[in-house]
Amino acid sequence: MKTLKLNDSAEDRLSNIPDSLVLHIFSFLNAKQVVQTCVLSKRWVNLWKYLPTLTLFSSDFDNFDNFITFVTNILRHCYRDPSTSLHTLDFRHNGGLVSHLDVGLDPDLFNSILDYAVSHNVKQLRMSVKCDIEVFPSCIASYHGLTSLNFYVPPKNPRNPRCRRGKILFPDSLNMPSLTYLNIGFVAFHGGVDYFSTFPKLNRLLICHFDILGTQNLCISSTTLDGLVIQKYSNPRVHCKIELSTPSLSTFVSIGTPFQIVRRSHLGSLKHMEIYLDKIVNYAEAPSALLNLFQELADIKSLALYSTSLHVLSLFPDVCKVKLNSLRKLKTLIIKEKGLSFTLSELLINAKLAQNPAARSQEEVAKLTEELKEQSLSIPSEIIGFLLQNSPSAKFHIIN
């Protein structure tokens, strides 16, 4: 076999690729891969330092120590041209190896990463990492240039007495006039504080794993908010009522334990709602809270929910006598089938037996249990009738 040899005068096509095209290609790679490209061309040795997107994932490394060493070197040696802003920093301590999951980030390094991002005029920031910090970082609390923020920082040690049940206290005021997207988790809010009205451009808001301190409601006020996602898995005994003053809201998603909604303004722009009941601990209050969601969020055009939501709704006394004006304009109803938890199965069995007190033999109980286990007990017929009565024009779609 003949071996092809490059002529010394041959054109070096790799080195002649325009910087703009190389940086575009780099944007699809993580930081580790981009740095490794230094060996491909001498001209590329420092080119990666101009990359507008910096992606740092712990799962890209064999062990956590190597990941921390790499990040530290980035912070120390990545001298960027002042005219080249860092548009996006995506930092995720997302596991990879099982051993990664129990390791937290040093608070000093965490703050150094944020300082680096702010000093290089970052626009989009994502921080998803375990770290024992006590307060929301001040360097981003008043940073004007941020347009998108994902902030998921659960503590390494949630039992630390300085942590509020494993939550960071969300500051009463943030000065982020350019922020359009906020995805926040593992935080505690003071009830009664109007947090979000200070974001004049906020378009989408996602809140997950949160607590409300005090007895007042969590207030969400925004004239620009279009999409809202609330994921609630906290202790159901913790007070959770949310006041909405969002006249431009078109999409609302509730995940986890249902909660009560209080409207402070008309939600006439709301068109789409999704309700995914999951990991419910307190089923005693879930049916009334779920019904409250339907009653408060009126005139929606499409609705998507888990089949378990309908089973929970069937536990509400005389639910078929309730009239839901909120569903009168519903056009599409999507039901996603989901298995029943043991607790919900037990409640449904007791509800069935309560309807027929004479049917309390071991054989009847065993039959009901087996039906639930095999998922042959479909959506209660009375709930189907209830939905048909309240949404006469809706088309039903059931998805496995």
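Strand β11 (residues 251-256) has five of its six residues buried, so this strand is largely enclosed by the rest of the structure. Buried here means under 20% relative accessible area, with exposed set at over 50% and partly exposed in between, using a 1.4 Å probe and protein chains only. The model is predicted, so local features need a pLDDT of at least 70 and side-chain atom pairs count only at pLDDT 80 or more, whereas totals for chains, interfaces and linings use all residues. Residues are numbered from 1 along each chain as its sequence is written, and side-chain values use heavy atoms, with hydrogens and water left out.

The secondary structure of the protein chain comprises ten helices and 16 strands. These elements are DSSP runs numbered from the N terminus (helices: H or I, at least four residues; strands: E, at least two). Strands are taken to pair if DSSP finds at least two bridges between them. On this basis β11 pairs in the parallel sense with strand β9 (residues 227-232) over six bridges; within this pairing, Ile255 of β11 is the bridge partner of Gln231. Strand β13 (residues 272-277) also pairs with β11 in the parallel sense over six bridges, and Val253 has Glu274 of β13 as its bridge partner.

An open sheet is formed by three strands in the order β8-β10-β12, with parallel pairing. Strand β10 (residues 241-245) runs parallel to β12 and is joined to β12 by four bridges. Leu244 stands opposite Arg263 in β12.

Of the 400 residues of the protein chain, 47% count as buried. The largest nonpolar core holds 102 residues, and Phe151, Ile220 and Phe252 touch the most other members. Such a core is a set of buried Ala, Val, Leu, Ile, Met, Phe, Trp, Tyr and Cys residues joined through side-chain atoms within 4.5 Å. Helix α4 (residues 107-119) gives the most to this core, with six residues. Apart from this core lies another, of six residues, including Leu206, Val229, Val253 and Tyr276. Contact is defined as heavy atoms within 4.5 Å. With neighbours within four places in sequence left aside, the contacts of Phe252 include Leu228, Ile230, Phe259, Ile261 and Leu270. Among contacts between residues at least 6 apart in sequence, 65% join residues at least 24 apart.

Asn217 is found in the loop between β7 (204-213) and β8 (218-221) and counts as buried, at 14% relative accessibility. The side chains of Asn217 and Glu243 are joined by a polar contact of 2.9 Å. Ser112, in helix α4, counts as partly exposed at 34% relative accessibility. The C-alpha atoms of Ser112 and Thr72 are 9.2 Å apart in space, with the residues 40 apart in sequence.

The mean pLDDT (the predictor's confidence in each residue, from 0 to 100) of the protein chain is 79, and 78% of its residues reach 70 or more. Residues 1-11 have a pLDDT below 50, and this stretch has one contact beyond near neighbours in sequence. Residues 96-100 also have a pLDDT below 50, with ten such contacts. Where pLDDT is low, the predicted coordinates should not be read in detail.

Notes. A polar contact is a pair of N or O atoms within 3.5 Å; within protein, one must be able to donate a hydrogen and the other to accept it, and residues adjacent in sequence count only if both atoms are side-chain atoms.
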